[in-house]
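Please read the points in order.

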Amino acid sequence: MEGVERALAQPHLDLPRKCFRRPVLTSSHSLAKEATSYGVEQKPDFVIVEVPPPTRGKLHEPVTDDYATWSRCPSFIEVKAKTGDIPRNRRSNNATGTLTQAADYARVIMIARPFQLYVYGLLFCGHSFVLALFDRRGVVVSKDYSIKSPEGLKNLICVLVRLLWDASPEELGHDPTVSLVQNHSYCQDYAKQYPRFQFSMWSDTRSWTTFGPPIWTYPSLLGRGTSVWRTFGGPDGRAMVVKMAWRTENRMSESDIYQEIARIYNSRLDELPRGMAQFYEGRDVMYLGKRISVYRLREPVDPYGPHKVGDEPAPRGFSAHLRVSQDEPNAFLHRVTFADTGKPLWEYTSVSQFAKVLYMVICAHQDLCEHGIIHRDISVGNVLIRTDVSITTNAAGEQTVTVTDREPPEGFLTDFELAKIATTYPPTKVRACSPVLQRNLVMTYS
């Protein structure tokens, strides 16, 4: 891999380098510990880590072992000794052990990098390899290639060039509506300061900026992929909680559920309970006038041609013909904003605060039930302790965020995506969405 980098850096080629990433061998040591435990002791043989641009030239100096962390890793490479361990897209029950292991690495990357919409893994087994795409709806596997053939060797070099040299963060699965705030990067020390992100919601000019790590991140690979953030933003720059999650196409959106709950209360001239999150706004995330969906992210793309859908650029990867099965329901990226700020329930400061927060939430849920609304997904991650947030900026432009608990303590219930509104809607019929190993998929290279 380093040989490929050195060849591309030859002055006579005059090839611009669009990104700076390096492969790090991790088979002989563990990844550096981070503040958050991701619940996995295994690690891939190589991780592809983000590195700062070199002070001169196009090649970055080798990084130390303690530099490699999950949060700096957008992709990975797994090596197996036997060719028989390789997943083949013609047989969905082939090499499930390899895919299961790789899927766990992708899961951890998505926890460490919550704005990662999908993850590429290069799976090398014997003399053959495949490129696998992992997202919230399953895994897509390319055709397998052998490096003994000229075509296979060329394809391997193309993949490495894209991973290390050429592919943008969006082409490797990063949310195209999210960017790092100036002077922040994935390369910084998370223990000293968690990176801040800025993102848009829809097709307007408003933006929100995160502060601190997420309040909650979804611990599994498959499913909604929820992350909850403290932010400043909106039309008046207020502190808000923002939730991001994938919603199945045939489900009522969480934003619509909040609006329907408000309609029910308004029709009875009742006030919404204080122990419920104060919904502000929400809808599916738009990018270039279209909703971000699993179908759209898996659309085929020529790795060295214009990255476009029709006449528009699209936030897609560099493997081609990675299509989702039409038997699987599509999913849309959905964001909800709340005119509330909070911290996780497990960060309570006293037994008294814990009890009062739970009491407010229980009373709110009782009130909701009396209005024909059942939450159906109450858990520790869906109860927040209400806080007040202020931000100050010094003469140097540095911002300081101060979070204080409410007195008397208050709590609120969030995540009404699975709520049932018995007075209005029948039970929602949802098709099962199981992991899919897509078949007859081909990578194309120019």
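1. The model is predicted: local features need pLDDT of at least 70, side-chain atom pairs count only at pLDDT 80 or more, and totals for chains, interfaces and linings use all residues. Residues are numbered from 1 along each chain as its sequence is written, and side-chain values use heavy atoms, with hydrogens and water left out.

2. The protein chain holds six helices and 25 strands (DSSP runs numbered from the N terminus: helices H or I of at least four residues, strands E of at least two). Of its 446 residues, 54% are buried, meaning under 20% relative accessible area with a 1.4 Å probe, protein chains only.

3. Across the whole structure, 19 aromatic pairs are found (rings of Phe, Tyr and Trp, the last by its six-membered ring, with centres within 6.5 Å; planes under 30 degrees apart are stacked, over 60 edge-to-face, the rest tilted). The planes of F115 and F197 meet at 55 degrees with centres 4.9 Å apart, so this pair is tilted. F115 belongs to the loop between α2 (96–112) and β4 (119–125), and F197 to strand β9 (residues 197–200), 82 residues apart.

4. F115 also pairs with W229, in a stacked arrangement with 4.8 Å centre to centre and 15 degrees between the planes. Because W229 sits in strand β12 (residues 227–233) and F115 in the loop between α2 and β4, the pair ties together parts 114 residues apart in sequence. The relative accessibility of F115 is 2%, so F115 counts as buried; W229 is buried too, at 0%.

5. Ring pairs join F115, Y186, Y190, Y194, F197, F199 and W229 into a cluster. R113 lies over the face of Y186, 3.9 Å from the ring centre (the criterion is NZ of Lys or CZ of Arg within 6 Å of the ring centre and within 35 degrees of the ring normal).

6. Which residues line the largest cavity? They are P114, F115, Q116, L117, R136, D175, G225, S227, M244, W246, L333 and R335. Here a cavity is a set of points, on a 1 Å grid over the protein atoms alone, where a 1.4 Å probe fits but cannot get out; lining residues have an atom within 4 Å of a point. Strands β13 (238–248) and β19 (331–338) each supply at least two of the lining residues.

Technical notes: Buried < 20%, exposed > 50% of the residue type's maximum accessible area, 1.4 Å probe, protein only. 1 Å grid on protein atoms, 1.4 Å probe; cavity = no way out; pocket = protein on both sides within 12 Å on 5 of 7 lines; lining within 4 Å.
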